[in-house]
Structure formats: structure tokens, C-alpha cells
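The sequence and the model are shown first.

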Amino acid sequence: MERHKSKLRVLHSAALLRPPLGICTQMDWEQEAAHALGLEWQVKMFCPMHSKGAFKVMHFDSTIHAENSNTKLGKLLAWVQLRRNYHNWLLNQQDKVDIFLLRYYVHDPFQLAFVKRCKKPVYFVHNTLEVPELALPGGISGWIRSNLETFVGNSTIAKASGTIGVTQEIIDYELTRAGAPEKPSYIYPNGIIFNKQELIDKRSDDIPELLFVANFAPWHGLDRLLTTIAKSKVKFLLHLVGKIPEELLPLTQDSRIRIYGTLTHEEIVILSQQCWIGLASFALDRKKMKQACPLKTREYLMLGLPVYGDYQDIFPKDAPYFRTGNEDIKEILQFTKDTRALTKENISRLAQPSIDKKHLLAELFNSI
């Protein structure tokens, strides 16, 4: 690469018909971090007109309108148009960009065609093990999508200049399925814009309170947690924030469990003040994963909550603020006791180097 490293021009982009709040928030944070670091690093979410949200990174395709994808046929046609227009737009950016970082999209022939045609280095950014996740729902749909991803995806990843993953496990998986174990690769964990704030501590002296915020997908393992709780008589309070699957609602009829539905960030901050720890997930094995770096975990830590989950994260092995374990409520409550003496300010401070978006982006930029 002839350009001086400090002037390297990077475009990190994604394209989705209905961009989720979490992804757009992450991308806005990354753009903010890039500006703070003085990098020529652009972040864009290519999406239809009138997409929900007012994010700075949104780049609207004026030929597609979000409301036109409400039917199955409309959604399919809009998907084809969006993927085609997005990759044509990327090709037109080549003279302005030295390196493309593209959020990987499953079984996309337009993505494969782009990486074959692009004259600049292309790195795909992976956030999960795609084939196992596509197969998770089961049925004919899961079988078709997972096999289609194997057929299209392996070739796509093999054509890229390198692979970026949020964990080493994901990187190893992608390089193996592409048959390219020696291809350049980089870990780029999820991170947040770290805002130092006064952390109010309203924890009780005796009754542990646990915070579990999620969209409660199968891999969060709420069913496993509720099952072990039903077999226990110990005292605690579990705060569940998010939409709970209907089939699990009977298991939440316990005086030790409080349900809130969806809360705003500010409401979660207030609730966290009385909580001892945050819960992450208990069923990542359903996606055949052992490693993860959930955004939720980073938010817990910034709020001063130690985190418990069933996976390995990027934190130092001796980090007092994170523990890997199963859904056994007795083990979880032991963790609350082990970390009770830590102040919320200390937990947040210790975790900052591992969760601060600016720090993580600088590390990636200096590596590629």
C-alpha cells in the first residue's frame, strides 16, 4: 500500500433492508471513534429510504423505500435491488478508498461478484458462525439457507484479502471453511463509546439482584436459567428486560422474577444501580460457539456490573469482573458474593481498555 499509514482511507460498510438499532448504534460509535482518532475511516449503513432511525452513518438508496418490503414478494425484490445497488455503489467508491471492510452478508451472490471485481483489498467482518446459525431454526428453510451459505460463502471468503472477526473462534471457522488458513486475519471485538459517568450504587446488603437484558433468542438460554431457578429456593431478584418468548412466560411466574419488557437506555441505567451483576447468555452452544463478545456485556461493565455467562470473552483470564459458567443459579449467586466488595467505579475502570471503541479501533487500524 503506497499511501502513508496515517492517511490510509478505509470504508467500513454494511447493507440491510431493515437496519437493527444495535448494529447502527455500533456503527455510529465507530464513526465517532474514528473522528476522535483523526482517521480517514468512513462508516456507512446502506439502506432504503425512510428506514427507521436517525443514525449519522445511514446512506439511503433513493430507489428503494422501506415500506415497499412489507410483503414476502416485495421483500425479496427489495433485497435483490438493495444488494445489487449496494455493490455497484461500492465499486464506484474504489478511487476514494484504499481498503474495504464489509460486514459479511450470508449467501449473497452480489457480494461474491463484487469481491471478484474489486481492485482494492476487501476484508469481510464476521460476527457469528454463519452456517450453524442459519441451520439453528431447523426445517427445510434452515437446511436450504445453511447449505446455500456453504456453497456461496466459502468461495466469497476465499476471494477476500483477509478476515476480521469479533473472536478468534470466528476467524478460525471462516478461514477453515474458505480453505485459506494462512490468509491475514484480525480480531476486532465489539466495543462501546466509553462515557465516564457517576455510578450510583443502590445494591442491598443481603439480597442479590441480577440484571438480564436481551431480545431472548434461543442462544440466550433463558429457558435453561428459568429451569434451574424453578428447582431452587434461594433468595435473589432477577430483573428480565426485553421481550420474553410466550412459551417461557409460565416459567417466569416466580416472586423472585420481575419482568419489564423493553426499557430505554436511561431506564436500564437506573435499574442497574440496584443490581449486583449482569447476565449475558447460557446457550451459545446452540450456535456451536464457545467464544463471544456481546455488546450487552460491554454496556453492563461500563455501568459497573460484573458479568456472568457461558462463553469465553476477550478479557484477561484473571479479570475479576467476568466469569464463565453454566446456568446453575447457585454458581451465579456465588459470583455475586465473590464480586460484592468491588465498587462499580472499579469494575468500570478495570474493564475500560477491553471495551472502549476508540481503543479497539486504534488497535485494528494499526494492524491492517
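Which exposed residues does the face of H3 turned away from its buried side carry? They are Lys116 and Arg117, where exposed means over 50% relative accessible area, buried under 20% and partly exposed in between (1.4 Å probe, protein chains only).

## Basis of the model

This is a predicted model, in which local features need pLDDT of at least 70, side-chain atom pairs count only at pLDDT 80 or more, and totals for chains, interfaces and linings use all residues. Residues are numbered from 1 along each chain as its sequence is written, and side-chain values use heavy atoms, with hydrogens and water left out.

## The sheet of 7 strands

An open sheet with parallel pairing has 7 strands in the order S3-S2-S1-S4-S5-S6-S7. Strands (E, at least two residues) and helices (H or I, at least four) are DSSP runs numbered from the N terminus, and two strands pair if DSSP finds at least two bridges between them. Strand S3 (58-65) and strand S7 (185-187) are at the edges with a single partner strand each, so one side of each has no neighbour in the sheet. From one strand to the next the twist averages 25 degrees; axes are lines fitted to C-alpha atoms, for helices over the stretch in contact, and angles run from 0 to 180 degrees between N-to-C directions.

Strand S6 (residues 162-165) runs parallel to S7 and is joined to S7 by 3 bridges. Thr163 has Ser185 in S7 as its bridge partner.

## Helix H3

Helix H3 (residues 109-117) packs on this sheet, touching strand S4 (99-103) and strand S5 (122-126) (contact: heavy atoms within 4.5 Å). The direction of H3 makes about 145 degrees with that of S5. At the start of H3, a side-chain oxygen of Asp108 comes to within 2.9 Å of the backbone nitrogen of Phe110.

Gln111, Leu112, Phe114 and Val115 are the buried residues of H3. They cover an arc of only 160 degrees around the axis and therefore lie on the same side of H3; the arc is that of the directions from the helix axis to the C-beta atoms. Their cover includes helix H2 (72-92), S4, S5 and helix H5 (139-159).

## The sheet of 6 strands

A further open sheet, again with parallel pairing, consists of 6 strands in the order S10-S9-S8-S11-S12-S13. Its edge strands, S10 (257-261) and S13 (322-324), each pair on one side only.

Strand S12 (residues 307-309) is joined to S13 by 3 bridges, and Gly309 stands opposite Thr324 in S13.

Technical notes:
Polar contact = N/O pair within 3.5 Å; in protein donor to acceptor, adjacent residues only side chain to side chain.
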